[in-house]
Amino acid sequence: MAADNGGSATSLSFLSLIEELGVQMDADLLDLALTHRSYAYEHGQIPNNERLEFLGDSVLGVIVTEYLYRSYPDHAEGQLAKLRASVVSAVSLAEVARELHIGTMIKLGKGEISTGGADKSSILADTTEALIGAIFLSGGRENAETFVHHIFDPLVDHAATLGAGLDWKTSLQEIAASLGLDPTVYEIEESGPDHDKRFKAWAVLGDRRFGPGKGHNKKHAEQQASAVAYKVLAAEAAKAAEVVKSAGGDA
């Protein structure tokens, strides 16, 4: 079993958390869930965590979907789908992994270690899903539900308060269409070494350019740029509507 790396002042490590929650975790399944394919390849093609990741993705999706269905009876299918997509996204899963200090537990090959694999969002997200799969196999659905509800219910409830901020790109697409504007095009600038990339993004609508959004991946940078564009367009639309309303009242 991998060593416990200790928690921060605001969060527990993964191993400390599952112990506190009383979640069962088979030691061999834990080891497998933490075995990245790069490490497996360097050690004679031993089993890696990809099959557990596949299982964990489905387990997480079912538990979160049921929680959404039961907790938000007034939300339409489209709203529920947006909430679920936000909470189980790679970005969200990677943040969960960082909170639980999962990165330092992952068994990586030398190449991934040298390029900062322990903090790559894709690796962190995949490992989180693999761990959920391992928890499910270790103690069944109730065991997985204990862990998933503790971590993800608060994320769902927070996401439900975000409105347009739940997915700025989609919200921008919707307001642009309502205003008769062309679809958004994103311009991307990339800098930094492979293990520490930085991205800037601009949302371009016709001859208008909004941003930049910044982030460690393109999606994050695009979301930030979309937020800038959405807020400007929404303010302009509200002002135009007020002008029309005032003109109608003066008539």
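Pro-212 is found in strand S3, where strands are DSSP runs of E with at least two residues and helices are DSSP runs of H or I with at least four, both numbered from the N terminus. The peptide bond that leads from Gly-211 into Pro-212 is cis, with omega near 5°. Most peptide bonds are trans, and most residues other than glycine have a negative phi.

This is a predicted model, in which local features need pLDDT of at least 70 and side-chain atom pairs count only at pLDDT 80 or more, while totals for chains, interfaces and linings use all residues. Residues are numbered from 1 along each chain as its sequence is written, and side-chain values use heavy atoms, with hydrogens and water left out.

Strand S3 covers residues 208-215 and runs antiparallel to S2, to which 6 bridges join it; two strands pair if DSSP finds at least two bridges between them. S2 and S3 form a hairpin with 2 residues between them, and Gly-206 in that turn has a positive phi of about 65°. On its other pairing, S2 meets strand S1 (residues 185-191) in the antiparallel sense over 7 bridges. The hairpin of S1 and S2 has 6 residues between the strands, and there Gly-192 takes a positive phi near 90°.

Of the 8 residues in S2 (198-205), 6 are buried, buried being under 20% relative accessible area, exposed over 50% and partly exposed in between, with a 1.4 Å probe and protein chains only.

Positive phi values also occur in the helical part of the chain, at residues other than glycine. Gln-45, with a phi of about 55°, lies in the loop between helix H3 (37-42) and helix H4 (50-71). Its relative accessibility is 58%, so Gln-45 counts as exposed. His-101 has a phi near 60° and sits in the loop between helix H6 (90-99) and helix H7 (110-114). With a relative accessible area of 24%, His-101 is partly exposed.

H4 has 22 residues and reaches 31 Å from its first C-alpha to its last, close to the 32 Å expected; the expected span is 1.5 Å times one less than the number of residues. Its buried residues include Leu-52, Gly-56, Leu-60, Ile-63 and Tyr-67. The buried residues of H4 pack against helix H2 (27-33), helix H5 (77-87), H6 and helix H8 (121-159), contact meaning heavy atoms within 4.5 Å.
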